[in-house]
Amino acid sequence: MGGDRVALARAMTLVENGSPGAADLLDRVYPRTGHAYRIGITGPPGAGKSTLVSRLVGELWKGGSKVGVVAVDPSSPFTRGALLGDRVRFQDLPDNSDVFVRSMASRGSSGGLAFKTGEVCDLLDAAGMDTVIVETVGVGQSELDVAAAVHTTIVVLVPESGDEVQAMKAGLMEIGDLFVVNKSDRLGAERMARGIEDMLRLSPARHDWIPTVVLLSALRGDRFPELLEAIESHRSHLEESGDLAELKTETARSRIRDLIDACIRQQFWATDGVNEQLDKALELIAAGGSSPYSAADEIIKKFTGGRG
Amino acid sequence: MSKMNKRREEQERYRTLSDIPVDRLYGPEKPDEKIGIPGSYPFTRGIHETMYRSRLWTMRQFAGFGTPEDTNARFRYLLQKGQTGLSTAFDMPTLMGYDSDDPISLGEVGVEGVAVDTIEDMETLFAGIPLDQVSTSMTINGPAILLLAMYIVAAERQGVPPEKLRGTLQNDILKEYIAQKEWVFPPRPSMRVITDMLAYCTEHMPLWNTISISGYHIREAGSTAVQELAFTLADGFAYVEAGIEAGLDVDDFAPRLSFFWNAHNDFFEEIAKYRAARRIWAKRMKNVYGAKKERSWMVRFHTQTAGCTLTAQQPEINIARVAYQALAAVLGGTQSLHTNSMDEALALPSEKAAKIALRTQQVVAHETGVTNTVDPLGGSYFLESLTDRMEEEAERYFREIDERGGVIAAIEEGYFQKEIADSAYQYQREVEKEERIVVGVNAYKEDEKIEIDLLHIDREKQTDQLKRLQSFRARRNNDEVDQALAAIRKASETGENLMPPILDATRKGATLGEMVNVMRGVFGTYREPAVF
Amino acid sequence: MDNPIRVLVGKVGLDGHDRGVKVVASALRDAGMEVIYSGLHQTPENVVRAAIEEDVDVVAISILSGAHMTLFPRILELLNGKGRDDVLLCGGGIIPEKDREELMKLGVGNLFGPGTPTTEIVAYLEKEIAARRGK
């Protein structure tokens, strides 16, 4: 990978920026994807996700695995700026290690993931990574995005996040294939772990899988073998049940849909006269002679010949 | 200096320039219990009854650069001029526990202080200086236990036992994680190393100040005065609790704890900060930790004027800033004071600038008359109200820290770091929006070419230090060193006191970096969480 | 120019004074840039590796330890060695004029002294990157 680091990083920028040539690049790369196992790590702020990820990466790397990491942090909706600080945790890996870390800003994507996270994972996959880890803050609606982009989703919680779990129960509980209760030395860690187990028993199983709960301290680095084992057994479950293949098909399906959506949208708005028609409709609305609903209906009818 | 420093209080000596006599103390007949009187609990008005009337503060300027020989020569010069206290600045690799030949030390050997790798370096640093007759302050934190061991062994080789050593070790690792960011091990093992040292010093070094609990760096990192006050005292409480937990009697070690504060621009707020610190500490030591000795209740402190307030623009103005800051420290009752040199925003201080800085203190001491009465500002409506308010604000922070699981847990989650970074950024924005005026920076600006004599460190000194280290390694018995290092490793693992094996390894010739590496192997390294 | 400027901000060498670097990082974020913070006590090797993986436009380094004459040239050399001489290396700290001139001759960008308004740093980066991307 050594000399290709520069090329890989540049390819990521190309894809992330949606620059000309990005689609061609992804197209060429696609046949080489499918090797890497993808793990998503999410959880509320302050749960110790980046400490956990850096430990996990260290363990995987020591076990001979090439690891790619995509760490996503939110962009400011106002300035579009972002502070990406997750790299700090990875600075102690040996210089020659087969680990590639990329920080991504969400760039206005509504979920916790950046728009192009999946594609950036593809690039890491095609570059020969054995494992790709996506780390993101689990707030709002982002959990679903993470779950859709990876094979195993790990939800990281701390004893203090009890209330947040209540609040996010619907999201977090449904997407986690594995739950990590971090900072196990803190008061209430055991109770939290048992609470999650109870809650999981009441939830419908996804892919016939009952999620495991691992209690550990990422800072101290204990119980990582247990975590690795839990990931491995979820992976085996997905492989044996055929869900892994299905997941790949699902990902491809949504990728195709997204691409078509984007293409149609772009074509539509590039059609001669559409924007003029929109301006006219807006004038009419301002004068009290129309509504956004009937205006949209008319524009669609006029330019596509049908109803959307 | 020493003759002027110590003087008997003679009533008739204190008069204003108009010849009006000045009494030792002014105040109500029946003192307010909350404020008290100087020299008595809760020490709001100071820890001494007669204060500067019987003894001026120690004017302690920091020195250290290049090789141990260079600094030794400087020390001897200062002692010859009558100074009795030495203050040692170490270079960055030493502060971080690296030997001078470690690749990461490249370019930093002897630059910001003196490089000490081996017992021989320590011996050279204090060659010809009788260690039973001077007090030595060493600004060292992460690897403090190792430098202390080297100092003890250097003294031993002069025939001076540890009981006779006087001085101060900064040794405040908590503020390193919070602000200064020069650590060696993660927080929890660091606390264990400190309690080992506390136990050793309590038994063998009765004259040694074990920890100088420092707010200075917290403030320099951008905190407010309230944050400096609260976070520093919280660190102090954490050390006391660690000592008690390790089985020490609080009255055996608390009297050897001292403090180190910043003196910033907001004149009255700074004075209120020192007064609030004394009162909070006294109350907590007495009521919560059950200390019985008065000395355990007292905040004794060193002050340094705020380096971060110095401007590169029109640097001469810094002389005025430093003077006001020094005055605040003195009115706040400091025991010793370092005044910064005007050119420190540009480089290491030149000799002329350093002299002006010292002279500034001398003007405060001998010309302003503020030393004639004890705590001249005590009872001021504004100051007492500000002191109360700072105490309340600090108590609020203590509760917040407790809720986060204590100082160490709060460090690990980046709580202090974020609080400080927020304050620093807010301050910067206020300056840039000109909501806050900084003379010469965003107002009263001048077109200027900045010309100041900068002290340059001879880069070849680095090579000298490397050669010295090489030659030292070639002369020692490596088998003995390996055995001694193994003993440090074992003590690190088992939890037995680290001081004896470290002293032994120092005698056998283990270097600073070698000892640190062995301990790091057991304790691990530390990366702080990135918070903004 | 629609794509945000990506900047790696960090501290090289052993000094831990991070007040300035954090203020600058926050200011660059607030100016709409994507700021990757590398943390403290970085080696030139670490910094360059991060710069490459993050494919940044700018590497902004703060050094207050006095080791700037060793560390800046080393970072430059490593970047060039990886074929990334297009990355703008700039920084801040207490750097004497003579050293500053020497470093700029080597190809280091602006070195900002104490008291520089963050707006000046933002303006400099925006102008430099616009020029470089325009090529």
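What percentage of the 308 residues in chain A are buried? Buried residues make up 41% of chain A, where a residue counts as buried if 20 or more other C-beta atoms, placed from the backbone, lie within 10 Å of its own. The model is predicted, and local features need pLDDT of at least 70, side-chain atom pairs count only at pLDDT 80 or more, and totals for chains, interfaces and linings use all residues. Residues are numbered from 1 along each chain as its sequence is written, while chains are lettered from A and ligands numbered from 1 in the order in which they are written.

**Chain A**

- Chain A has eleven helices and eight strands; helices (H or I, at least four residues) and strands (E, at least two) are DSSP runs, numbered from the N terminus.
- Of the contacts in chain A with a separation of 6 or more, 73% come from residues 24 or more positions apart; two residues are in contact if their C-beta atoms, placed from the backbone, lie within 7 Å.

**Contact between chains B and C**

- Chain B supplies 30 residues to this contact and chain C supplies 28 residues.
- On the side of chain B that touches chain C, the elements that give two or more residues are α3 (92-95) and α17 (415-432) of chain B.
- The most comes from α17(B), with five residues.
- By class, this side of chain B has 18 nonpolar, six polar and six charged residues; Ala, Val, Leu, Ile, Met, Phe, Trp, Tyr, Cys and Pro count as nonpolar, Asp, Glu, Lys and Arg as charged, and the others, Gly among them, as polar.

- Six of the six residues in strand β3 (residues 58-63) of chain C are buried.
- In a regular strand the side chains alternate between the two faces of the sheet.
- From β3(C), C:Val58, C:Ala60 and C:Ser62 point one way, and C:Val59, C:Ile61 and C:Ile63 point the other way.
- Strand β1 (residues 6-11) of chain C pairs with β3(C) in the parallel sense over five bridges, with pairing requiring at least two DSSP bridges.
- The bridge partner of C:Val7 in β3(C) is C:Val58.
- β3(C) also pairs in the parallel sense with strand β4 (residues 88-93) of chain C, over six bridges.
- The bridge partner of C:Ile63 in β4(C) is C:Gly93.

**Helix α1 of chain C**

- Eleven of the twelve residues of α1(C) are buried, including C:Arg19, C:Val23 and C:Leu28.
- After α1(C) comes C:Gly32, whose phi is positive, near 90°.
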